[in-house]
Amino acid sequence: MKPLYSVAQIRAVEQLVAATLEPGALMQRAGQAAANGVLALLAGQANRSVLLLAGPGNNGGDALEAAANLAGAGAGIDVAVIYLAGSALASAETAQALGRAHDAQVRFLDALPDSAPALVVDGLFGIGLARALDGAARVMVEALNALGWPVLALDVPSGLDADTGAIVGPDGVALRAGRTLAFIGNKIGLHTFEGRDVAGEVEVASLAIDAHYFPPASAELNQAALFANQLKPRANNSHKGSFGDVAIVGGARGMAGAAMLTARAALYSGAGRVLVAALDPGPAFDSVQPEIMFRDGATYPLGVGTLVMGPGMGGSALAMDMLARALPGAAALVLDADALNLIGASVDLQKRLGARTAPTILTPHPLEAARLLGISSLEVQRDRLAAARAIANRFNAIVVLKGSGSVIAAPGGAAVINTSGNPGLASAGTGDVLAGICGSLLAQGWPAREAALGAVWIHGTAADRLVSQGIGPIGLCASELPQAVRAVLNELVYGTAKNG
Ligand SMILES: NC(=O)C1=CN([C@@H]2O[C@H](COP(=O)(O)OP(=O)(O)OC[C@H]3O[C@@H](n4cnc5c(N)ncnc54)[C@H](O)[C@@H]3O)[C@@H](O)[C@H]2O)[C@@H](O)CC1
Ligand SMILES: Nc1ncnc2c1ncn2[C@@H]1O[C@H](COP(=O)(O)OP(=O)(O)O)[C@@H](O)[C@H]1O
Ligand SMILES: [K+]
C-alpha cells in the first residue's frame, strides 16, 4: 500500500510520537533527512551553494536544522538562509534550531542572492499554513517562481493545501518545487489538482516512526498491485464469448467520433465483441476498425452485458429514454459525458441510478461532477476527494473524478489517487477512451472497483509511454491511445510488451 494521510492524521501521529521523545527530536530528524536529501541532489554538481528559506513555524525549524547540518557536513557547501521570522514567538524547537544554525556559521541573508544557488530549500510553511501567502513570503515565492531555480520543498511546498492540493487562496500563490520531501507520512494534496505541478517528485521521510503509530490511511496512491488479482493470462481454450460484449450507447449526429473512440478502446483493451448502439444512423461500418458492429440504438436491448453510455450521446429525448430504461436493468454500466449531464439534470434518473444493484462506474470530469452534486466545478476542485466520495455515496457507484491526479472512490471506502498520465491527455476524446477501457474490463469480469482502478492506471500509463516515445504531450491524439493501452495491458499480464 502507498498510504496517504490527512494533515489531522499527521498531527495526531506527531503528537503521539513527540510525547515519547526528547523535545526537538523529530525536528532534528527532519533536519537530518532534509540535509541528506540536499547532499544527494548536489552529488557531482560543481555549484555547491544552497539557499534555505525558513518561515516562522516548525517548517522553518526543519530548514534551520538542515542548514546547520549542511554547514557542518564538511562537504564544501556554501549555506545561506533567509529567515522570515514573522511576529509570533518561535517554538522552543525552532528557537533551538536557530541557535544551531548560528553556531554553525550559516550565512543569514536579507534578500535573494544575485546568482543562482544549486538548490533552494523551501522551509517557509508546511502543514501549518493557515491563509494565503502575503507580505514578504509572497514576494519571495513570486520572485522564485519567476526565476525558476530548482526547489526542494520540505514537507509541503509553501502555499499548497496539503489536504486538497489547492493553492491556499483567495488569489494565492505557491512555490513550485521540483521535489518534495514529505515528513512522517505522504500527504493527499501533493498528488491531485495543483499538487502534482507544485510538489513535483514526492519522497517520504518517515523520521523513523514505527508503523503502529499510524491510523488507517485516509487514501492511497493507485498502483498495479491494487488490481493485479484480475490480470490473468488467457486460456488457450477461450473464444470471443469468454471476454464479454461491450455496447457503446452514443454517437448522436455530429458526435459519432466519440463513440468510435470508446469502441476502439474497448476492443484494444480486450473485450470479446464491441458494438455501437447509435442514436442516429451513421456510417454502416468503421473502415479503420471493421471489427466494430453497429446497431440501431432505438431498438437495442439495454438489459444485458456491459453498456458504456454517454460518449457523443447528446441530450435528445431518445438519449433520456435509453438511460431511463438502462438504469434499472441488470447490465453493468459505465456512465460518462452526456449520460452524466442528463442524470445531473433529472431527479428521476438520479433515483434510478441510486437504486441500482448491478456494477456501475461513473467517470465525471470536474464540471460533470459539479452537475451531479449541484455545486460549482470550483467547489469540486477545491476538495476533489470529498467530491468523489460524495458522488460515490449518493449514487452507490464507483466514481472516477478525472483530471490531474484522478480520484477513484467507492461508496464508504477509502479513496485512491492515480499517479500516471500527463497533460497530453488534456485533449478532446481521451475521456471517451477511458470509458471504453472501463467497459472492456467490466465485460471481462473485473469487479467495478478494480476495473476503474485498472482503467485509470492503464490509460495514464499508455499516455506516459507515448510521451516517452516522443508522441506528445503536445498534440497527442486520443485515437493514438488504444494501441498503447493494448501494449500496457499485455505487459501487465505477460510481463513483456506485445503488439507495441
Ligand atoms: N513539531 C514537530 O515536532 C515537527 C514538525 N514538523 C514540521 O513542522 C511543520 C508544521 O509546523 P507548524 O505547525 O509550526 O506550521 P508551519 O511551520 O507550517 O507554519 C505555521 C506558522 O506560520 C504561521 N502562518 C501560517 N500561515 C501563514 C501565512 N499565510 N502567512 C504568514 N504566516 C503564516 C502560523 O501562524 C505559524 O506561526 C511541518 O510541516 C513539518 O515541516 C516536522 O519537522 C516533524 C516534527
Ligand atoms: N493534465 C492532465 N494530467 C493527467 N490526466 C489528464 C490531464 N488532463 C486530462 N487528463 C485525463 O484525460 C481524460 C479527459 O477526459 P474528459 O475531460 O472527459 O475529456 P473528453 O470528454 O474530451 O474525452 C481523463 O481521463 C483525465 O483524467
Ligand atoms: K515548505
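Biologist: In which helix does N59 lie?

Modeller: N59 lies in helix α3, residues 58-71. Helices (H or I, at least four residues) and strands (E, at least two) are DSSP runs, numbered from the N terminus. Residues are numbered from 1 along each chain as its sequence is written. This is a predicted model, where local features need pLDDT of at least 70, side-chain atom pairs count only at pLDDT 80 or more, and totals for chains, interfaces and linings use all residues.

Biologist: Is N59 buried or exposed?

Modeller: A residue is buried if 20 or more other C-beta atoms lie within 10 Å of its own, exposed if 12 or fewer, and partly exposed in between, with C-beta atoms placed from the backbone. N59 is buried because 27 other C-beta atoms lie within 10 Å.

Biologist: Where does UniProt place the feature "binding site"?

Modeller: The unreviewed UniProt entry places it at N59, D122 and S158. These positions are spread over 100 residues of sequence, yet they cluster in space, with a largest C-alpha distance of 9.6 Å. UniProt positions are given in the numbering used here, feature names are shortened, and annotations may be inferred rather than shown by experiment.

Biologist: What is D122 in contact with, leaving aside its neighbours within four places in sequence?

Modeller: Two residues are in contact if their C-beta atoms, placed from the backbone, lie within 7 Å. By that rule, and with those neighbours left aside, D122 is in contact with L53, V151, L152, A153, L154, P157, S158, L175 and A177. D122 lies in strand β5, residues 119-123, and is buried, with 31 other C-beta atoms within 10 Å.

Conventions. Chains lettered and ligands numbered in written order.
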